[in-house]
Amino acid sequence: VTQILKHRLFWPVLSLVALITLNTIARPQFVKITMREGELYGAPIDILRNSAPLMLVALGMTLVIATRGIDLSVGAVMAVSGAVTLTIIDGSATPGSTGTVLVAITVGIGVALVLGVWNGFLVAVLKIQPIIATLVLMLAGRGVALLITDGFITTVTSPPLKFVASGYLFWLPFAFFISLAAITVIALVERRTALGVLTEAVGINPEASRLAGVRSRGIILSAYVVSGTLAGAAGIIYSSNIMAADANAAGDLIELYAILAVVLGGTSLMGGKFTIAGTVVGVLIIQTLKSTILFLGVSSAQSPVFFAVVVIVVVLIQSPQVHRMARTITRRTQPHTAAEVRVDKEVAA
Amino acid sequence: MSAVVQDSPRARAAAGVQTFLNRHSSLMPALAALVIFLVLLIGAQVHFGNFMTPRNMSALLLDNAYLLILAVGMTFVIVTGGIDLSVGSVMAFTGIACASLLASGHSAALVIPVTILGGAVIGLLIGVLVQYFDVQPFIASLAGLFLARGLAFVVSLSSIRVENETVLWLQTTRFRFGDWYITPTGILALVVAAIGAFVMQYTRFGRTVYAVGGSEQSARLMGLNVARTKVLVYVISGVCGGMAGLVLTAYSGAGYPRNGIGTELDVIAAVVIGGTLLTGGTGYVLGSVIGVLVYGTIKTVISFMGAEQSWTRIIVGLMLLMFIVVQRVIVVRSERRR
């Protein structure tokens, strides 16, 4: 039992299960999935589909955070890629053809990739603090997106684009397959090759890993490139969902939700060890919570209060101080242990 | 440093400048910001011909009073090496709370302290999370951001007009000196900046803030009260958020729960442009004041040019980039010297 309790994914998974259980008790139809014309519908399916943009962004964010960085620009990158893609489709003669849409999506993701390279260059080559380096693009990116769309909300009618967010494949939403593909590729590349270990090494101790011969520059740069590219894809899913490029609303606050998802999943903001599975669970927690809040009839504008409470509870659960307090309470009979722990902590500090 | 005695006065002057630069390298970014501010003003004056009018300059302070107050609080937090993302939301929450309390008939003498206290409480929450639960400032203040934004919408989903005379007096009164004028909100912002600068430079608490930012462990070993300082800077930032909420409510004549979305980024950008390093330990309140003025001037120039306001953020982003590269060069140079 202690091993299960100590597992890194224990608390995140427990939170998710608790959330789903509460929802099911409150409204039994929550877990009900219906089949209609070969397509599955229901609250869990909605969660899987609607979580796709956040999933992509959070996966990229996990890698960036593992290198001791942070990427604040993801929301702005989403806005830019959405604006680029929809402007191309809007300007083409055949907005409905699959070819046009594929070209537009490729260009949109390409622009996002370049923005990721830019962030990576600032952080890895110029060695600027990640939070401030990505703040530059966060501030400027939305302005650029507004210029691309001329300050308007560009709307298009294009069935192939609509398919990205609302289409179905094998009874399941297509957007779910996009996030599944991203999870699989990242998990394989990071965990079946040495890249993941090297990324953790860079995050745990950049100086030591450099002396050990790890090329930290390329690893850090690639983390930001992956984050930018995935944010670009997320921006296209978002635009496809509303069939419009809204430079102000696209990806609004998503950087904060993505960071929250990563932290909920158990990856520390201090960098180093990261968990892809944890991030996936974290994203699902956030999406389930959003749907719960909606169900409770709370205005979506007021939902941040719930997120604030969740953030505070989760960080307190993860806080070593609270663990120590809990330990001193449960182990009153062995006062020595607690004292030793405290000494250890002071030595460490 | 070469110890050769130099005779020619010019060489001595050059050496003197060099020594000044070396001794005051932490001042350089703030001075660079000042130069940029002056260049912006003069450039705009030459280009438009009617930019540096008393009216326009007075409006610069008036329009950016809330930003100035927020930047002072943010400087304290950033100098300790922390960050406060919650300021924009705190401003929205305290602003709408102030408007709502006034609308339900409470007197301004009661509402104003409550408004500021509201900001202080959220700041205290963030500070306690950071100091006593080892939560990273980014995440703790993120919780503060969500909390304050949500609470603002709990208070009211739409804007509330303010009709209280005392609060409106803050904005509508104009003390005139010829063509120049200043409002009580402007005076409040300047007083907050002056107090902030004084506290940072000349009080034990202010010097402790620098010490904590320079090296927390050294500060602790020196017997400085690190815990109290780190909690207090967030409370100060919260208090500034409360005051900014009051000022903004007076400025717009209404409380609105969507106020200040993204303001935290503008404030951080202004503070960084003013020469404060995000790593902590270096920075000046007066630098942040200049940073806010640079930000405000860019906004005014863009509205003068009749261009879209989306350019403001692009230019502020580019300027931020320029400043961090300059700061980076300074840091690298001082590291090489060691």
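**Questions on helix packing, burial and cores**

Me: A:Ile132, A:Leu135, A:Met138 and A:Leu139 in α7(A) meet B:Leu265, B:Asp266, B:Ile268, B:Ala269 and B:Val272 in α13(B). The model is predicted. At what angle do helix α7 of chain A and helix α13 of chain B pack?

Reply: About 125°, with the axes 11 Å apart. Roughly perpendicular covers 65 to 115 degrees, roughly antiparallel needs over 145, and the rest is oblique.

Me: What is the hand of the crossing of α7(A) and α13(B), and how do the contact residues divide by class?

Reply: The crossing of α7(A) and α13(B) is left-handed. By class, their contact has eight nonpolar residues, no polar ones and one charged. Asp counts as charged, and B:Asp266 is among the contact residues of α13(B).

Me: Why are α5(A) and α6(A) called roughly antiparallel?

Reply: Take the angle. Helix α5 (residues 74–91) and helix α6 (residues 98–125) of chain A pack at about 150°. Their axes lie 8 Å apart. The label roughly antiparallel is for angles over 145 degrees. The pair is therefore roughly antiparallel.

Me: Which residues make that contact, and how many are nonpolar, polar or charged?

Reply: From α5(A) come A:Val77, A:Val80, A:Ser81, A:Val84, A:Thr85, A:Ile88 and A:Ile89. From α6(A) come A:Val101, A:Ala104, A:Ile105, A:Val107, A:Gly108, A:Val111, A:Ala112 and A:Leu115. Twelve are nonpolar, three are polar and none is charged. Gly counts as polar here, so A:Gly108 of the contact belongs with the polar class. The crossing of α5(A) past α6(A) is right-handed.

Me: What makes A:Ser179 buried?

Reply: Its relative accessible area is 3%. Buried means under 20%, so A:Ser179 qualifies. A:Ser179 sits in helix α9 (residues 174–191) of chain A. Beyond four places in sequence, A:Ser179 touches A:Ala52, A:Met55 and A:Leu56.

Me: Why are A:Arg68 and B:Asp134 called partly exposed?

Reply: Relative accessibility is 43% for A:Arg68 and 41% for B:Asp134. Buried is under 20%, exposed is over 50%, and partly exposed lies in between. So A:Arg68 counts as partly exposed, and so does B:Asp134.

Me: What phi do A:Arg68 and B:Asp134 have, and where are they found?

Reply: A:Arg68 has a positive phi of about 70° although it is not a glycine. A:Arg68 is in the loop between α4 (52–66) and α5 of chain A. B:Asp134 is not a glycine either, and has a positive phi of about 55°. B:Asp134 is in the loop between α6 (108–132) and α7 (137–155) of chain B.

Me: How many residues has the largest nonpolar core, and which helix gives the most to it?

Reply: The largest core has 185 residues. Those with the most contacts inside it include A:Leu135, A:Ile259, B:Phe138 and B:Ile139. Helix α4 (residues 65–79) of chain B gives the most, with 13 residues. A:Ile259 touches A:Met61, A:Ile70, A:Leu72, A:Leu269, B:Phe138 and B:Ile139, leaving out residues up to four places away in sequence. Another core, of ten residues, lies apart from the largest one. Among its members are A:Val101, A:Ala104, A:Val156 and A:Met243.

Note on methods: Residues numbered from 1 in each chain as written. Chains lettered and ligands numbered in written order. Predicted model: local features only at pLDDT ≥ 70, side-chain atom pairs only at ≥ 80, totals over all residues. Heavy atoms only, no water. Axes fitted to C-alpha atoms, helices over the stretch in contact; angles between N-to-C directions. Helix = DSSP H or I, 4+ residues; strand = E, 2+ residues; numbered from the N terminus. Parallel < 35°, antiparallel > 145°, perpendicular 65-115°, else oblique. Left-handed = near helix turned anticlockwise from the far one by under 90°. Contact = heavy atoms within 4.5 Å. Core = buried A, V, L, I, M, F, W, Y, C linked by side-chain atoms within 4.5 Å. Buried < 20%, exposed > 50% of the residue type's maximum accessible area, 1.4 Å probe, protein only.
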